[in-house]
Amino acid sequence: MFSNAEGSSSRNFYYTAVLWMAIGMSFGLFAALLLVLPDLVKEVPILEYFTFGRVRPVHTNLVMFGWLSGAYFATLFYMVPRLAGVKLYSERLGNFTVLFHNLLMTSYGVVLLFGRTMGREYAEQPWINKMLTVVMFGLVAYNVIMTFATRKEKELYVTAWYMLGAVITTPVVYIIGNQFLFPNNPIAGVNDSVANWFYGHNILGYWFTPVGIGAVYYLLPKMTGAPVWSHRLSMIGFWVIFFVYGPTGAHHLVNGPVPYWLQTVAIAFSVTLIIPVWTVLTNFYGTLNGRWGAVKESVPLKFLVSAMVFYFITCFQGPMQALRSVSAITHFTNWVVGHAHLALLGTFSFIMFASIYYALPRLTGREIWSAKLMEWHYWLSLIGFTLFFVSLTIGGLVQGSHWALNQSSSFITSVIQQKPYHIARAVGGTMILSAQFLFIYNIFKSAVAGKAFETAARGSQAETAAATGA
Amino acid sequence: MKNKLEKNAALLGLGAFLLLMFSVTITVVLPMLQGDLYVADAAAPVYDDANVALGREIYRREGCFYCHTQQVRTIDNDTFWRAPKTELKDGTVVGDRPTRPGDYANDNPALLGTERTGPDLKYVAHRLPSKDWHIAHLIDPRSTEPNSIMPSFAHLPANELDALADYLLSLRDWSIPIVTYAKYMGPDILNAGDEMLPEDYQGTKNPYKPGDPAALARAEQLIKDKGCLACHGTDMRGKNKTNGWANPPFPTDWYKAAEKHSDQFIYWIVSEGTLKEDGTASGMPAWRQNGVSEEDRWALVTFIKNLNTKK
């Protein structure tokens, strides 16, 4: 029933991930519109149930697990075999995982639209779906680990480090942060929030960050033809990420009702997160230095460069807004919404766009159909996202300053003041979503009408080893 | 750099795993060992009332916590969200503080929230103790606050709205005792006279002369700050179905009140509200317990009585 063709599971994961992106982002835009037009669905049959509080988790769950994680699985199944110098351990299992992922994501969306939520941000799914999520991550981890176990290439390139670390730790983060998957929530009170944010932040630290950064370390040498500037630095970055990310979760509860020492620990570790980020950025700059001309020619490289700029901003914001004094202003405001999108959309989704443009021709043997649409996808995403991010960031500062100024009395003024920023955000969101529809159309056309991709350029293992400098 | 880790995948994976376990130990396990920190505070709500518990389920189901926090931070910016400062009979002072872990001991899940698109709700029952208000607000948020961007929950069945309102009224500092001198008269209030006055309010006297300009100016400011007109209408004629009030009984027309009621009667209503005997159910909040001083309440009375001269 499931195909065993080489590269098929990676390709299928990419195809379905972009569909989940379209669905997930559409819910995001819907939520953004509800903030501008609160009576949009009032008295509309059936739609009236889908108020902001129900739509928002559908958006976050589907973009995080449907789109980004789906694209990450594809990237793992594409890059890991090439790094290991063998085929993927089991394409058949990989294709089963594709089906499993798609069914689970359907369940994710339906369950949340029906209001069956656990009431924890990013951990909304009921326990059965959580069990299945762990199974899904387990299936991927098994395939990845077994591919490495049977590898011919003995040296582990740094991308392999990041990806191996991620698939091993992510299920652990998920299980602990989701109350050990118990249906009856054994951890109550503020510790529930502590566990929630351990997970909420570390799904970023142990899943989205390492796989994304690993992909950058793979793609950059491939696209520029130059080895990574400093191999040693990339490894330092790996260990620091896996060391300092973990205890930072409580920075989501700074100045709140959790023990003071726990906040301090979280803040201290958050600030040190600057180190691994700067190792990545230094390496990126070092590798690209003298080859900036290549960026002009290549949309995937443009996506990577923009992602790194956004990564720099988000990872400077992050440690700073963990500080008590900064958090006092920015916490609870639109600033944080902007920050979250900067990481997951501006950085990691952009990296995945680059990965898809790079990997799909090599998986399908067909060129990307339209270079012009690629340009449109890039510029519309970039401009839309910049508008989105800047409006939320400024809006957040306006909100936070207003509360600080009069100790939160006359709260409604801060709601009124947000209107222009909410509108600008919805406009930016519309541009982002339109860009993705162009992207999906381009992928579809590539699959059915793309020109043949020259086989000489198809990533052979020897070429991989040469370009990555491993 | 060539080292063992570059060849040994198992060692690499183990290293990553152990580092994660270090984090789990200090930030998940250690806080849980501080058991004494999480003993329920006297201020903490309990959810043994079935309707309140159902309300909390609905609050969670509809995702209210995505826009409303339930935590008062330890910084000045959050002062407004604190429960009112209250001195108990034995002299201890309660309320007026940031929230602590003990305030959430009975909460599962904890609904601390991360966004304040709408106001903090940890102590909302002190600011807005009227169930009528909450139900009207849930059915049509724009009827009580024209600039609200909250969705309408008119599609929820009446029993769920009732439960949700009961839950919102449970969001208070429970160490502050509920004391009320109010009588709930519903829409019949305009037919009531001074014979209704509780003992404490008989024989009280307005310190201001009718139309005292200082009192009127003070009252105007208070009306703006406390949002009186959200319910009583920007024209002060009271709201009803035709101008957007979603839930009877309807807030009183101040012109009619000025005509009908004595100074003492209005002073009593403004001070004690029109809540039911247990102080938690229906009607207008008791402004005496919501930071409006005696002088200020008399200023409001002067303002309302002064409407009699306008028409």
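Guide: In this predicted model, Lys7(B) forms a salt bridge with Glu155(A), with 3.9 Å between the closest N and O atoms; the term stands for a side-chain nitrogen of Lys or Arg within 4 Å of a carboxyl oxygen of Asp or Glu. The pair joins two chains, because Lys7(B) lies in the segment before helix H1 (9-33) of chain B, while Glu155(A) lies in the loop between helix H4 (127-149) and helix H5 (158-177) of chain A. Helices here are DSSP runs of H or I with at least four residues and strands are runs of E with at least two, numbered from the N terminus. Lys7(B) is partly exposed, at a relative accessible area of 48%, whereas Glu155(A) is buried, at 19%; buried means under 20%, exposed over 50% and partly exposed in between, with a 1.4 Å probe and protein chains only.

Residues are numbered from 1 along each chain as its sequence is written, and chains are lettered from A, and ligands numbered from 1, in the order in which they are written. Local features need pLDDT of at least 70 and side-chain atom pairs count only at pLDDT 80 or more, while totals for chains, interfaces and linings use all residues, and side-chain values use heavy atoms, leaving out hydrogens and water.

Over all chains, the search finds 23 salt bridges. Asp41(B) takes part in one with Arg97(B), at 3.8 Å from N to O, and this pair links parts of chain B that are 56 residues apart, Arg97(B) being in the loop between strand S2 (93-94) and helix H3 (124-127) and Asp41(B) in the loop between H1 and helix H2 (50-61). Asp41(B) also pairs with Arg100(B), where the closest N and O atoms are 3.3 Å apart, a link across 59 residues. Of these residues, Arg97(B) is buried at 13% relative accessibility, while Asp41(B) at 24% and Arg100(B) at 41% are partly exposed. Through shared partners, salt bridges also join Arg54(A), Arg61(B), Glu62(B) and Glu160(B) into one network.

Turning to the nonpolar side, the largest nonpolar core has 195 residues, and those with the most contacts inside it include Trp67(A), Leu304(A) and Tyr59(B); such a core is a set of buried Ala, Val, Leu, Ile, Met, Phe, Trp, Tyr and Cys residues joined through side-chain atoms within 4.5 Å. Helix H2 (residues 52-84) of chain A gives the most to this core, with 20 residues. All 33 of the 33 residues of H2(A) are buried, so this helix is largely enclosed by the rest of the structure. H2(A) bends by about 30° at Leu62(A), the bend being the angle between axes fitted to the seven residues ending there and the seven starting there, and just after the helix Gly85(A) takes a positive phi of about 75°.

In chain B, Tyr59(B) has among its contacts Phe65(B), Leu111(B) and Tyr167(B), not counting residues up to four places away in sequence, where contact means heavy atoms within 4.5 Å. A second, separate core of 30 residues includes Met185(B), Cys228(B), Phe265(B) and Val301(B). The structure holds zero disulfides over all chains, a disulfide being a pair of cysteine sulfur atoms within 2.5 Å. For the buried Cys67(B), at 14% relative accessible area, the closest cysteine sulfur is that of Cys64(B), 8.8 Å away and therefore too far for a bond.
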